[in-house]
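Hello,

Here is the structure you are taking over. My notes on it follow below.

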Amino acid sequence: MKPKQFSDFKSIKDKVTFLLETNPLLRDNDNRLIATYCFNFIGKEKINEMSALQLLTDLGFNKLPCFESITRERKMIQKENESLRGTQYKVRKKKLPNWFLVDKKD
């Protein structure tokens with residue numbers, strides 16, 4: 001059985017999980033995660049031939065995944081799976097005021 005690769009996955013969640021598992025540097029940096037996701041989504045050969053204008057046009061015409069969807073999936077994955085949290089996760093949580101951390105159930 002050949003090793004899994006980005007294109008083997010269908011959903012954004014599965015693709016983001018794969019990227020977080022294979023590249024720990026992406027766990028703390030949404031811009032890197034989005035850039036890596038788009039690079040893999042488009043493909044190395046095509047991206048080498050693309051101009052910045054074509055990339056922006058594709059983004060504008062929804063030919064690329066929504067960046068917010070990638071970020072939202074990353075947040076949900078890291079909330080559920082501690083092993084995929086970055087090194088900055090605990091640092092960010094410590095900076096939040098106590099009232100923000102209270103679980104409100106109304």
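Accessible areas come from the Shrake-Rupley method with a 1.4 Å probe, and for residues only the protein chains shown count as cover. By that method the protein chain has an accessible surface of about 8300 Å², and 54% of it belongs to carbon and sulfur atoms.

This is a predicted model, in which local features need pLDDT of at least 70, side-chain atom pairs count only at pLDDT 80 or more, and totals for chains, interfaces and linings use all residues. Residues are numbered from 1 along each chain as its sequence is written, and side-chain values use heavy atoms, with hydrogens and water left out.

The protein chain has 7 helices and 0 strands; helices (H or I, at least four residues) and strands (E, at least two) are DSSP runs, numbered from the N terminus. Of its 106 residues, 28% count as buried, where buried means under 20% relative accessible area, exposed over 50% and partly exposed in between.

Two residues are worth a look.

Lys-15 sits in helix α1 (residues 12-22). Lys-15 is buried but has no salt bridge (a side-chain nitrogen of Lys or Arg within 4 Å of a carboxyl oxygen of Asp or Glu). Its nearest side chain of opposite charge, Asp-14, is 9.2 Å away; Lys and Arg count as positive, Asp and Glu as negative, and His and the chain ends are not counted.

Asn-62 is in the loop between α4 (52-60) and α5 (67-80). Asn-62 is not a glycine, yet has a positive phi of about 60°. Most residues other than glycine have a negative phi. Asn-62 counts as exposed because its relative accessibility is 66%.

Regards

Conventions: Buried means under 20% relative accessible area, exposed over 50%, partly exposed in between (1.4 Å probe, protein chains only).
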